[in-house]
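This report looks at the overall fold and then at one helix pair. Please have the chain in view while reading.

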Amino acid sequence: MPRKKVTVVGSGNVGATAAQRIADKELADVVLIDILEGIPQGKGLDLLEAGPIEGYDSRVIGTNNYVDTKGSDLCVITAGLPRKPGMSRDDLLMKNASIVKEVTENLVKYSPDTILIVVTNPLDAMCHVAHKSSGFPKQRVIGMAGVLDSARFRTFIAMELEVSVESTHAFVLGGHGDTMVPLPRYSTVAGIPITELMSAEQLARLIQRTRDGGAEIVGYLKTGSAYYAPSAAIVEMVEAILLDKKKILPCAALLQGEYGVNGLFVGVPVKLGSRGIEKVIEIQLTAPEKAEFQKSVDAVRALVGVLGY
Ligand SMILES: NC(=O)c1ccc[n+]([C@@H]2O[C@H](COP(=O)([O-])OP(=O)(O)OC[C@H]3O[C@@H](n4cnc5c(N)ncnc54)[C@H](O)[C@@H]3O)[C@@H](O)[C@H]2O)c1
C-alpha cells in the first residue's frame, strides 16, 4: 500500500514541527508549503536528512508550488500572520481569513477529496472560511483546538495531583482559548472525576490556567506562540484519521442542531476516523455548563459575523 500523503501549509513553528512529528511517526509522506521561498525547501530537506537517524522513510519535501500537493489525503492549514503591534483582533481576522481562503482554494484544486484540519487563528472563524471556500461536506473540515486545550488541562491536573499524565482524561467544549468550557464532571484520573480529587479552589485555579494556556507561553516567548503542544495535538488528529482509529477527541465541528447550535463551528467531542468527523458526540449539560457553552457560542458567532458570514 503506498504511503499516505499529508500537506502542511505554513512552514513556520507549528507547521514545521507538525511535519517533523508526522515523519517521526512515519504516518505519511509530507509536503511542506509556504509563500516564503526557501524556508519550506530548507526545512523539508533537513527533515528528510533526519530520516536515516530516526529510522523513517517518509518522504518530506518543501515547496512553493501547489502542484506538489496533488492527491493529498489530508491537509493541515497553519498558514497565517501573528498579531502585530497596532493590529486589532478584527484586522488579524480579516487578514488571516484571506490567507485561509486562498490556501483552501489552492488545496482543493489539487486534492478535491482531501480532509482539512484548520489550525490558523482565530480558529473557529477560520474553520468557517475553510468550509465555505472548499465547498466540502462538514465531515471533512475539522478545527484543532480542543485537543490542545484538554492536553493543557491534563498537564495541570497531573501536576496538581502528582499522577501520570497518562492516567488523566479531560473534557473541554466550546471555542478556543478564553471562552473554552472545561467540564470537570467528565474530567477524570483513572476514571475518577477530578471533582472528587480536588477542592473547588484548586479546580478553579487549574481551569483559569488552562484558559490562559496560550497567553502563558506567549508571555515567556515574547515573539511567537506555542508550537510543541499544538503540533502534538494536530498529529493526534492526523493519526486518528489516517489510521481510522475512531478516536473521540474534542475538535471544532460544524454543528447543525447538535447542542442546540445551528451553522456554527464550535468545539465538541467528535469521532475521528478515515472519513473525517464520523459523529458528533452529544452529552447532557447542567444549567451552569449550558450557560458557559452559550457564552462561548455567542463569542464565535460574533467573530463569524465580522466576516460577514
Ligand atoms: N488552533 C490552535 O490551537 C493553535 C495553536 C497554535 C498556533 N495556532 C495558530 O497557527 C498559526 C501558525 O502559527 P505559527 O506559530 O506556526 O506561526 P509562524 O508565523 O511561525 O508560521 C506561519 C507561516 O505561515 C506562512 N504563511 C503566511 N501566509 C501564507 C500563505 N498565504 N500561504 C502559505 N503560507 C503562508 C508564513 O510565511 C509562516 O511561515 C497562527 O495563526 C497561530 O495563531 C493555532
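The protein has 9 helices and 14 strands. Its radius of gyration is 19 Å, close to the 19 Å that the globule rule gives for 309 residues, so the protein is as compact as a globular protein of that length. The model is predicted. Along the principal axes, the C-alpha atoms fill a box of roughly 55 × 45 × 40 Å.

Burial comes next. Of the 309 residues, 50% count as buried. Contacts between residues at least 6 apart in sequence were also examined: 67% of them join residues at least 24 apart.

Now the helix pair. Two packed helices are described by the angle between their axes and the distance between the axes. Here the pair is H1, residues 13-24, and H8, residues 228-242. Their axes come within 8 Å and cross at roughly 50°. The crossing of H1 and H8 is right-handed.

Which residues of H1 and H8 make the contact? The table lists them by helix.

| Helix | Residues in the contact |
|---|---|
| H1 | Val14, Thr17, Ala18, Arg21, Ile22 |
| H8 | Tyr228, Ser231, Ala232, Ile234, Val235, Val238 |

By type, the residues of this contact divide into 8 nonpolar, 2 polar and 1 charged. Arg21 of H1 is the charged one.

Terms used
Residues numbered from 1 in each chain as written. Predicted model: local features only at pLDDT ≥ 70, side-chain atom pairs only at ≥ 80, totals over all residues. Heavy atoms only, no water. Axes fitted to C-alpha atoms, helices over the stretch in contact; angles between N-to-C directions. Helix = DSSP H or I, 4+ residues; strand = E, 2+ residues; numbered from the N terminus. Left-handed = near helix turned anticlockwise from the far one by under 90°. Contact = heavy atoms within 4.5 Å. Rg over C-alpha atoms; globule rule 2.2 N^0.38 Å. Buried < 20%, exposed > 50% of the residue type's maximum accessible area, 1.4 Å probe, protein only.
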